[in-house]
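I opened a new page for this one and wrote things down as I looked them up.

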Amino acid sequence: MVTTSYQVQGMTCGHCVQAVSTEVGAVDGVSDVQVDLATGRVTVTSERPVDPAAVRAAVDEAGYEVVDA
């Protein structure tokens, strides 16, 4: 298993958490997504390394921005 964390800007509520979880969870290879609303940290678990650009694109699609990886 591979675990990677991202700092996401702009999440303020449960809907934000759900939107990011859904979009990132749809990225090929992702098996789990944990979002910590208080810290803005998104932790992605996968069977193999996932392309960070794909995760960034998924977060962008949800309406938020990855500010670091």
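I started with helix α1 and what its buried side touches: the buried residues of α1 pack against β2 (30-36), β3 (41-46) and α2 (52-62). For packing I used contact, meaning heavy atoms within 4.5 Å. Helices (H or I, at least four residues) and strands (E, at least two) are DSSP runs, numbered from the N terminus.

Before going on, I noted that this is a predicted model: local features need pLDDT of at least 70, side-chain atom pairs count only at pLDDT 80 or more, and totals for chains, interfaces and linings use all residues. Residues are numbered from 1 along each chain as its sequence is written, and side-chain values use heavy atoms, with hydrogens and water left out.

**Helix α1**

Which residues of α1 are buried? I found Cys16, Ala19, Val20 and Val24. Buried means under 20% relative accessible area, exposed over 50%, and partly exposed in between (1.4 Å probe, protein chains only). Looking down the axis of α1, I saw its buried residues fall within an arc of 115 degrees, so they line one face of the helix. The arc is that of the directions from the helix axis to the C-beta atoms. An α-helix has 3.6 residues a turn, so residues three or four places apart point the same way. On the face of α1 turned away from its buried side I found exposed Gly14, His15 and Gln18.

Next I traced the strands: four of them form an open sheet in the order β2-β3-β1-β4, with antiparallel pairing. Two strands pair if DSSP finds at least two bridges between them. β2 and β4 (65-68) stand at the edges with a single partner strand each, so one side of each has no neighbour in the sheet. I counted three bridges joining β1 (residues 2-9) to β4. Glutamine 9 stands opposite glutamate 65 in β4.

**Helices on the sheet**

I saw α1 lying across β2 and β3, at about 160 degrees to β2. α2 packs on the sheet too, touching β1, β3 and β4, and its direction makes about 135 degrees with that of β4. Axes are lines fitted to C-alpha atoms, for helices over the stretch in contact, and angles run from 0 to 180 degrees between N-to-C directions.

**Whole chain**

Read along the sequence, the pattern is β-α-β-β-α-β. Of the 69 residues, 33% count as buried.
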